[in-house]
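Let's take a walk through a protein together. Have a look at the sequence and the fold, and then we'll go through some of the parts one at a time.

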Amino acid sequence: MDRPAVIHKTASEWRVAPHWNAYEAQRASFSWDAVRRQLEGLPGGALNIAHEAVDRHARGARRHHPAFVFLGEQWRRDVLTYAELARLTNRFASALTALGIRRGDTLFVLSGRIPELYIAVLGGLKAGVVVSPLFSAFGPEPVATRLTLGAGRVLVTTESLYRRKVEGLRSRLPQLEQVLLVGENGAETSVSGTLDFGRFLASASDVFDTVPTRPEDPSLLHFTSGTTGTPKGAQHVHEAALMHWMTGKYALDLHPADIYWCTADPGWVTGTSYGIIAPLLHGVTSVIDEAEFDAERWYRILQEEGVSVWYTAPTAIRMLMKAGLELARARPCPQLRFIASVGEPLNPEAVWWGLDAFGLPVHDNWWQTETGGIMIANAPAFDIKPGSMGRPLPGVEAALVRRQQDGGVSFIKEPGHEGELALKKGWPSMMRGYLGEAARYRNCFSGEWYLTGDLAKRDEDGYYWFVGRSDDVIKSAGHLIGPFEVESALMEHPAVAEAGVIGKPHETLGELVKAFVSLRHGFEASEALRRDILGHARKRLGAAVAPKELDFLDSLPKTRSGKIMRRLLKARELGLPEGDTSALEQT
Ligand code: AMP
């Protein structure tokens with residue numbers, strides 16, 4: 001069926017008047033100072049995310065309002081009000097302080113979406129420590145790498161994750177002094193070298209004076225992947241709260257009565273910025289589902305929890321599309337009023353599917369770990385061009401540029417031309433550095449402009465269209481995966497001489513991780529060896545990161561300086577032109 005290129009919006013469709021309703025006028029009158037005044041702050045110009053997200057409401061009219069509704073895998077339902085969340089996070093912060101953990105130390109959290117994760121993140125921020133949530137589907141190797149890079153002093157995890165992913169590597173982590181374990185189904189734990197989370201909390205005081213962090217003090221550390229080297233630790237600060245408040249209002253259109261569901265895991269930046277902080281800053285109720293994706297379950301949650309604003313991801317939408325419209329229509333959700341999506345290109349069909357399934361289009365938006373918050377968005381009041389990421393938010397200056405030899409950039413003014421997406425410095429949630437990698441951080445900038453590494457086009461109406469990434473990083477099911485980390489794990493297998501990893505387009509996942517390896521002398525390619533290498537990678541890296549496909553090659557294409565040419569592997573895999581191969585080593 002032919003669909004029009006634009007989905008027009010009219011004010012008569014709005015069930016709740018959108019906050020952002022005059023594109024240019026609100027951008028023109030916008031100021032970060034005005035946003036700062038919406039937050040309470042702490043005496044002496046201090047600012048702490050947890051105070052703004054939790055205590056401010058816990059002391060006000062919303063203290064008995066649910067902050068979180070946690071749904072367990074077996075449908076257990078736990079509600080935490082803002083007052084309860086304040087009390088539990090105070091306890092966590094008190095206990096952490098009693099352990100000798102101080103402002104500026106790093107706390108890692110590795111768990112599924114259980115209440116303890118949220119208490120630890122917010123309690124840690126209260127105590128002024130830097131918090132780094134890790135994805136629980138990571139294997140032992142990515143966990144150990146990140147704990148080491150971040151010099152984690154404390155880890156909150158579950159007993160089973162500890163046993164599977166950390167215990168065996170603990171001797172490699174001398175800086176990790178304290179491990180707090182959450183037992184399965186509330187059971188107490190007693191594992192040597194660890195403390196029980198429940199007991200730890202029970203013994204602590206309900207009263208805690210939130211550490212008066214400065215706006216520029218570090219708050220969260222999110223690891224992201226690059227093309228080469230170890231993962232990059234993007235360092236964020238407490239001032240990011242301004243961005244989360246602003247985007248919660250303009251991009252997600254949060255209103256006080258909303259029931260909000262962000263389906264992202266806090267192990268990825270969306271699940272923290274928008275799964276924890278932004279909704280709490282607005283005092284709304286967030287639904288948190290512990291279980292993994294299941295189409296029927298998701299429709300049931302949308303319906304039974306009365307979700308009104310839903311922030312999800314293209315892979316999830318594609319999986320819902322696969323499950324069929326009947327399933328969606330069997331569970332009408334009249335309260336749902338706004339659907340947004342982030343993390344990968346959102347196909348136009350997925351935007352339209354929203355209309356077919358819920359009578360609401362899906363609104364794509366764009367940002368990345370480094371930017372800390374949503375930068376470009378489709379919002380409720382504005383027309384959608386399906387396939388476009390939308391337009392820059394208030395306070396956000398975007399441009400398309402071409403990098404030049406001398407490190408400068410030239411700006412592309414004409415619509416319709418491809419360039420690298422650049423953002424003008426000055427929004428509060430921009431990362432303040434890559435942990436321990438000053439040069440890598442500096443290289444992200446040209447003068448006043450941050451260069452995102454994404455290629456895009458802009459049309460005559462100012463809408464941005466994603467074209468691709470300028471590097472080899474892979475996006476699979478919304479997760480950014482560094483080929484280097486995967487290649488390193490493959491190389492540990494005794495049979496592997498060389499490894500090259502690419503993202504191969506995939507109908508549901510966006511991209512699928514595909515590996516190419518050449519074998520060491522004495523090894524023969526076989527189905528059994530393929531399975532063995534894939535199994536090894538899965539054990540080291542975890543299912544979310546490990547390759548799903550593997551091909552054997554006699555040798556991998558390399559540059560004369562010995563770098564594997566992933567671009568060429570990809571072109572050959574997809575049957576695309578090989579482009580410039582002048583750097584190719586002749587074998
Ligand atoms: P991450 O840092 O893991 O959040 O990944 C950020 C990257 O995901 C961006 O640099 C883009 O390459 C991609 N991405 C995020 N949102 C979108 C979107 N709406 N459309 C296309 N790609 C996106």
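What follows is a tour of some packed helices and a few loop residues. Keep in mind that this is a predicted model.

Let's begin with helix α5, which covers residues 115–126. This helix has 12 residues, and from its first C-alpha to its last it reaches 17 Å, close to the 16 Å expected at 1.5 Å a residue. The buried ones run from Leu117, Tyr118, Ile119, Ala120 and Val121 on to Leu122, Gly123, Gly124, Leu125 and Lys126. After α5 comes Gly128, and its phi is positive, near 80 degrees.

So what does α5 pack against? Two packed helices are described by the angle between their axes and the distance between the axes. Take helix α3 (residues 49–58) as one partner: its axis lies 8 Å from that of α5, and the two pack at an angle of about 120 degrees. Angles of 65 to 115 degrees count as roughly perpendicular and those over 145 as roughly antiparallel, so α3 is oblique to α5. The crossing of α3 past α5 is left-handed. On the α3 side, the touching residues are Ile49, Ala50, Ala53, Val54 and Asp55, while α5 brings Leu122, Leu125 and Lys126. Sort the residues of this contact by class and you get six nonpolar, no polar and two charged.

Helix α4 (residues 82–98) packs on α5 as well: the axes come within 8 Å and cross at roughly 65 degrees. Is this crossing left-handed or right-handed? Here α4 passes α5 in a right-handed crossing. From α4, the residues Leu85, Ala86, Leu88, Thr89, Asn90, Phe92, Ala93 and Leu96 take part, and they meet Ile119, Ala120, Leu122, Gly123, Gly124 and Lys126 of α5. This contact splits into nine nonpolar, four polar and one charged residue.

Who touches whom? Ala241, His244, Trp245 and Thr247 of α9 come up against Ser273, Tyr274, Ile277, Ala278 and Leu281 of α10. In this contact there are six nonpolar residues, three polar ones and no charged ones.

In the loop between α9 and β10 you'll find Asp253. Its phi is near 55 degrees, which is a positive value in a residue other than glycine. Asp253 is buried, with a relative accessible area of 1%.

Ala477 also has a positive phi, near 50 degrees, and again this is a residue other than glycine. Look for Ala477 in the loop between β24 (474–476) and β25 (479–481). With 27% relative accessibility, Ala477 counts as partly exposed.

Last stop: Glu418, in the loop between β18 (409–411) and β19 (419–424). Glu418 is partly exposed, at a relative accessible area of 38%. What does Glu418 contact, leaving aside neighbours within four places in sequence? The list is Arg402, Ile412, Leu455, Ala456, Lys457 and Val467. As for Ala58, it is 360 residues away from Glu418 along the chain, and their C-alpha atoms are separated by 48 Å.

Definitions and conventions. Residues numbered from 1 in each chain as written. Predicted model: local features only at pLDDT ≥ 70, side-chain atom pairs only at ≥ 80, totals over all residues. Heavy atoms only, no water. Axes fitted to C-alpha atoms, helices over the stretch in contact; angles between N-to-C directions. Helix = DSSP H or I, 4+ residues; strand = E, 2+ residues; numbered from the N terminus. Parallel < 35°, antiparallel > 145°, perpendicular 65-115°, else oblique. Left-handed = near helix turned anticlockwise from the far one by under 90°. Contact = heavy atoms within 4.5 Å. Nonpolar A, V, L, I, M, F, W, Y, C, P; charged D, E, K, R; others polar. Expected span 1.5 Å × (residues − 1). Buried < 20%, exposed > 50% of the residue type's maximum accessible area, 1.4 Å probe, protein only.
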